[in-house]
Amino acid sequence: MFFAKLHPLIVHFPVGLLVSGALFEFYGKVSKEEAVEVAGRFNVRLGFWCALPVFAVGFLGMLSLENTQKFQDFLGNHLMAAFATVLFFLLALLISRYGGGRFQFGYYFFLGLGLVSVLTTGFFGGELVHRFGVSTPGFIN
Ligand code: HEM
């Protein structure tokens, strides 16, 4: 149960960085404010690396849960969206690192998909905790 309780405590940091980072990058690009774009790029990278341990902790937390039938769908959707989040941001970062300035469309495409995925992940995670009470003091496992 340790990891299941730890996961909700540490998720908000990478979620905040990824969401703000992606939004800053889009805003900076559209308004041609380079400083905003650079700040967004930094947040996305830091958020991505912080999301990896959060992902592992979430996975270990899930393994410790029993009687998951009641919220099975939400758990499955949360896991899929978390996978998609890591995948999309990883693809964006790989394009940025190895694309040599080409494939700009691909970079922003995966950045946008990553943004949608991380919001979706947060939605289903929030439902697990606040609708089903997973890992809250009253939760019976
Ligand atoms: C990108 C990776 C992930 C993000 C951003 C993320 C985000 C979140 C958020 C925002 C919550 C709600 C926290 C709250 O309301 O206080 C949550 C809860 C939860 N997440 Fe994740 N999550 C991720 C990966 C995973 C993975 C891979 C699993 C495994 C299935 C997982 C399982 C859970 C569970 C079981 C909960 C309910 C609370 C708990 O028992 O820990 N998460 N997650």
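Visitor: Hey, where does the ligand sit?
Guide: In the largest pocket. Keep in mind that this is a predicted model.

Visitor: Let's talk metal. Which protein donors does the iron atom of the ligand have?
Guide: Two histidines, His7 and His78. Each uses its NE2 atom, lying 2.0 Å from the iron.

Visitor: Where are those two in the chain?
Guide: Histidine 7 belongs to helix H1 and histidine 78 to helix H4. They are 71 residues apart, so the pair links distant parts of the chain.

Visitor: What's the geometry at the iron?
Guide: The site is octahedral, with six donor atoms. The angles among those donors run from 87 to 179 degrees.

Visitor: Back to contacts. What does alanine 4 do with the ligand?
Guide: A backbone N or O atom of alanine 4 is 2.5 Å from one of the ligand's oxygen atoms.

Visitor: And how far are the polar side-chain atoms of those histidines from a ligand nitrogen?
Guide: For histidine 7, a polar side-chain atom lies 2.9 Å from a nitrogen atom of the ligand. For histidine 78, the distance is 2.7 Å.

Visitor: Changing topic: how many helices and strands does the protein chain have?
Guide: It has five helices and zero strands. Along the sequence, that reads α-α-α-α-α.

Visitor: Last one: what does the C-alpha trace span?
Guide: About 50 × 20 × 20 Å along its principal axes.

Key:
Residues are numbered from 1 along each chain as its sequence is written. This is a predicted model: local features need pLDDT of at least 70, side-chain atom pairs count only at pLDDT 80 or more; totals for chains, interfaces and linings use all residues. Side-chain values use heavy atoms; hydrogens and water are left out. A polar contact is a pair of N or O atoms within 3.5 Å; within protein, one must be able to donate a hydrogen and the other to accept it, and residues adjacent in sequence count only if both atoms are side-chain atoms. On a 1 Å grid over the protein atoms alone, a cavity is a set of points where a 1.4 Å probe fits but cannot get out, and a pocket is an open set with protein on both sides within 12 Å along at least five of seven lines; lining residues have an atom within 4 Å of a point. A molecule sits in a cavity or pocket if more than half of its atoms lie within 2 Å of its grid points. Donors are N, O and S atoms within 2.8 Å of the metal (3.2 Å for Na, K and Ca); water is not among the atoms, so sites may look incomplete. Four donors count as tetrahedral if all angles lie between 85 and 135 degrees; four count as square planar and six as octahedral if opposite donors are over 155 degrees apart and all others between 65 and 115; anything else is irregular. Helices (H or I, at least four residues) and strands (E, at least two) are DSSP runs, numbered from the N terminus.
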